[in-house]
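This report covers surface, charge pairs, backbone and pocket in turn. Please keep the sequence and the model in view while reading.

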Amino acid sequence: MRDTRESRLLLILLVAVAFALITVDIKGGETSPLNGARKSAAALLGPVERGAAGAVDPIARTVRAIRDSGTQQQRLDQIGAENTELRQRLASSDTATGRTKQLDDMLRTAGTGGYTVKAAQVIAIGAAQGFSWTITIDAGSDDGIERDMTVINGEGLVGRVTTVAPTTATVLLATDPGFTAGTRMEGSGEIGFAAGQGASPMKVQLLNGKAQVKPGDRLVTFGSQSGRPFVPGVPVGKVLSVEATPGELTKTVLVQPFVSFTRLDLVGVVVVPPRTDPRDAVLPPAPSAAPTPNAAAQPSPVVAQLPAQPTATASKTGGN
């Protein structure tokens, strides 16, 4: 349509008519004369609108999905990051709790034995130092660590220092096949020599071939002169079995170490030996023996009750 004077007048007339119809419809309310025309238009155009909506809705949903996908991915990334941070916090909390307990146990052991220790953390294991059963700790000569010092933890004997650097040191573990330490049996005091056997139990040669030993008996370190390389009284392990060696001058026993060497974390290097030999004092309390069946089956003695005799009770006041 061309922009002429007649087209403009027609447009103005149509707008005026539209406003007039809207006014009549609003004032008429429910009785508006246009309700019939509105219902007819709704009945005629309703199916067309539903068809158009059905054709357009998938496209609209796709557009919304594309539009919202970035936001959803950001939320998923944020949730993933929060979960990762939470897991790290929980792991750090568990690690801190575990190390606190290890430190408490080690200090308790050192206090009972009279050892002065320098706490250190395991930072490397294994063949990096050229040995099969070694660890590296984060303490060295700058911390007062020297070669042939005893290394312990809260469970017992870990090993001895073999190499020292300014800030690190290498510890030969008690399980290494080249490891040897003097031992003493709890109670009897029988002396022997313990040797590491890798993942197998330690082997102890008792000097007395007639020594009375049974599974469950416990051993501690015998100690060395001036506490090098071993201080006395450090728990070593408990007897698993006694090998039959008839006619031998020595007796061989297999010993399960107290220390869990696959879970080492915090250790203590004994920098000052005890003034006196603690002997068996560092060992944990022995498990109580179960009552024997005969003792449990014995009836309690019967005590005859005699008639009560009248007694006189004297009381006095004042000091002696």
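A nonpolar patch on the surface is formed by I191, F193, L207 and F222, with about 350 Å² of accessible area together. The model is predicted. I191 belongs to strand 7, residues 191-197. I191 is partly exposed, at 31% relative accessibility.

**Salt bridges**

Side chains of opposite charge can pair when their charged atoms come close. How many salt bridges does a search of the whole structure find? The search finds seven.

| Pair | N to O distance |
|---|---|
| R184 and D277 | 3.5 Å |
| R218 and E186 | 2.9 Å |
| D217 and K214 | 3.1 Å |

R184 and D277 meet through their side chains. R184 is buried, at 3% relative accessibility. D277 is partly exposed, with a relative accessible area of 34%.

R218 pairs with E186 in a salt bridge. This pair also links distant parts of the chain: R218 is in strand 9, E186 is in the loop between strand 6 and strand 7, and they are 32 residues apart. Is R218 buried or exposed? R218 counts as buried, at 8% relative accessibility. E186 is partly exposed, at 31%.

D217 is bridged to K214. D217 is buried, with a relative accessible area of 16%. Elsewhere, salt bridges with shared partners join K101, D105 and R108 into one network.

**Backbone**

Most residues other than glycine have a negative phi, and most peptide bonds are trans. D148 has a positive phi of about 65 degrees and is not a glycine. D148 lies in the loop between strand 2 (134-137) and strand 3 (150-152). D148 is partly exposed, at 23% relative accessible area.

S226, also not a glycine, has a positive phi of about 60 degrees. The loop between strand 9 and strand 10 holds S226. S226 is exposed, at 62% relative accessibility. P229 lies in the loop between strand 9 (218-221) and strand 10 (235-242). The peptide bond from R228 to P229 is cis, with omega near 0 degrees.

**Largest pocket**

The largest pocket has a volume of about 250 Å³. Its lining includes K101, D105, N153, E155, R263 and L266. Which element gives the most to this lining? Helix 2 (residues 35-113) does, with four residues. By type, the lining has two nonpolar, five polar and four charged residues.

Methods:
Residues numbered from 1 in each chain as written. Predicted model: local features only at pLDDT ≥ 70, side-chain atom pairs only at ≥ 80, totals over all residues. Heavy atoms only, no water. 1 Å grid on protein atoms, 1.4 Å probe; cavity = no way out; pocket = protein on both sides within 12 Å on 5 of 7 lines; lining within 4 Å. Points joined across faces, edges and corners; volume = space filled by probe spheres on them. Helix = DSSP H or I, 4+ residues; strand = E, 2+ residues; numbered from the N terminus. Nonpolar A, V, L, I, M, F, W, Y, C, P; charged D, E, K, R; others polar. Buried < 20%, exposed > 50% of the residue type's maximum accessible area, 1.4 Å probe, protein only. Patch = residues over 30% accessible without salt bridge, like charges linked within 9 Å, V, L, I, M, F, W, Y side chains within 5 Å. Areas by Shrake-Rupley, 256 points an atom, 1.4 Å probe, with all protein chains shown as cover. Salt bridge = Lys/Arg side-chain N within 4 Å of Asp/Glu carboxyl O.
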